[in-house]
Amino acid sequence: MTVFQGHEQVVFCADEASGLRAIIAIHSTALGPALGGTRFFPYASEEAALADVLDLSRGMTYKNAMAGLDHGGGKAVIIGDPRTDKTEALLRAYGRFVQSLNGRYVTACDVGTFSPDMDYVARESAFVTGRTTAHGGAGDSSILTALGVFQGMRAAAERVWGAPTLAGRTVGIEGVGKVGHRLAELLAADGAALVICDVDPEATARVVERHPGTVVVPDTAALIASRIDVYAPCALGHALTDKVVESLGAAIVCGGANNQLAHPGIEKALAERGVLYAPDYVVNAGGVIQVADEVHGFSMDRARARAERIFDTTREIFAVADAEGISPALAADRLAERRMSDVGRLRGIWLN
């Protein structure tokens, strides 16, 4: 059953000529216009797409708040297979729907969409980030997403092992696509050993070619069963199920995927097993930091510096969790909600 979670606005979009079927969800504009990417995915049903976009948009509200951005949370999903259904006409039709919201929602890349796609969307809408550098954009936001996850992982390593490094540790990465393969680069440079899995053999081959010592396993179950110190979910959401948590041997969970907790209570199960969870929307905020910077005139140095501060934010969350005797997930929620309350009361519902 689909559950609305205080969303301000949900828009269903359809264009018969191009085949577009999309949903835009604005969860909150208390801190400013909603910002979040567009996911292009072959959902089994419209109901599944709606459930996903509602969860993702709510997560963006908390992510943007914890990243210190003056943006609320929004997300969009396009229903279809990006390999066969994505066309210029479809993307431009989608851009017109984004434009119709008059700036209440600012879009960017996500799973299944890339910077050149945003260039097409931007031909119909002024409210697009994540464009190619040739068109004045910041380019691939996965660069800073991976950096932020790495910084969060360093903070978790410091909390568990006393030093902010992954040197000598084994990290299991589930999904080595846009973010995962960049995270692998950072970890290898830090001296970590890698165990990886992905549904795309070309993706795993790319990592092995760059890092010959990388171990490839067939699936998530095999990854979880491996001797890993850190589990990094970098594919789709709900990676942390009851079954995964029960068999997880890693001391830390820190990855780039959104909405990693399959249901409320998983964070408690992780804590009971002595597993430190770095909240997903905190550590994977580097990408949204990058595209938010583009809204006001992009500077990679400025955006990178802000993404590197995810290390300090993650440390703060662990400190609050310890002081209040709560999980890091709850500590992050409380800090995000506090900012939304303190700043959001000055703004209310955002209108351009």
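1. **Before you start.** This is a predicted model, in which local features need pLDDT of at least 70, side-chain atom pairs count only at pLDDT 80 or more, and totals for chains, interfaces and linings use all residues. Residues are numbered from 1 along each chain as its sequence is written, and side-chain values use heavy atoms, with hydrogens and water left out.

2. Strands here are DSSP runs of E with at least two residues, helices are runs of H or I with at least four, and both are numbered from the N terminus. Two strands pair if DSSP finds at least two bridges between them; β1 and β2 have seven, in the antiparallel sense. Four residues lie between the strands of this hairpin, and G19 takes a positive phi near 85 degrees.

3. **β2 and its other partner.** β2 also runs antiparallel to β5, joined to it by six bridges. Eight of the nine residues of β2 are buried, so the strand is largely enclosed by the rest of the structure. Buried means under 20% relative accessible area, exposed means over 50%, and partly exposed is in between (1.4 Å probe, protein chains only).

4. **The largest nonpolar core.** A nonpolar core is a set of buried Ala, Val, Leu, Ile, Met, Phe, Trp, Tyr and Cys residues joined through side-chain atoms within 4.5 Å. The largest one has 35 residues, and L20, I24, I78, Y94, Y105 and V288 touch the most other members. Elements that each supply at least two residues include β1 (9–15), β2 (20–28), β5 (72–79) and α12 (286–295). Helix α3 gives the most, with five residues. Apart from this core lies another, of 30 residues, among them A157, I173, L194 and V283.

5. **V288 and its contacts.** Contact means heavy atoms within 4.5 Å. Not counting residues up to four places away in sequence, V288 touches L35, M60, K63, N64 and L69.

6. **T145, buried or exposed?** T145 is in helix α5 (residues 142–161), and it is buried, with a relative accessible area of 9%. Its side chain reaches the backbone nitrogen of G287 at 3.1 Å. Leaving aside neighbours within four places in sequence, T145 is in contact with V179, V283, N284, G286 and G287.

7. **Two more residues to look at.** D117 is found in helix α4 and counts as buried at 8% relative accessibility. Outside the four places on either side in sequence, D117 touches K86, L91 and G112. E46, in helix α1 (residues 46–66), counts as partly exposed at 43% relative accessibility.

8. **The six-stranded sheet.** An open sheet has the order β9-β8-β7-β10-β11-β12, with parallel pairing. β9 (215–216) and β12 (276–277) stand at the edges, each with a single partner strand, so one side of each has no neighbour in the sheet.

9. **β10 and the strands beside it.** Four bridges pair β7 (residues 170–174) with β10 in the parallel sense, and G172 has Y231 in β10 as its bridge partner. β10 is joined to β11 by two bridges, again in parallel, with Y231 opposite V253 in β11. V253 in turn stands opposite Y277 in β12. From β10 (residues 230–233), V230 and A232 point one way and Y231 and P233 the other, and all are buried.

10. **A pair of helices.** Two packed helices are described by the angle between their axes and the distance between the axes. Axes are lines fitted to C-alpha atoms, for helices over the stretch in contact, and angles run from 0 to 180 degrees between N-to-C directions. The axes of α14 (residues 310–324) and α15 (residues 328–344) come within 8 Å and cross at roughly 105 degrees. These two helices are therefore roughly perpendicular, a term for angles of 65 to 115 degrees. The contact includes F318 and V320 of α14, and A331 and L335 of α15.

Note on methods:
Polar contact = N/O pair within 3.5 Å; in protein donor to acceptor, adjacent residues only side chain to side chain. Parallel < 35°, antiparallel > 145°, perpendicular 65-115°, else oblique.
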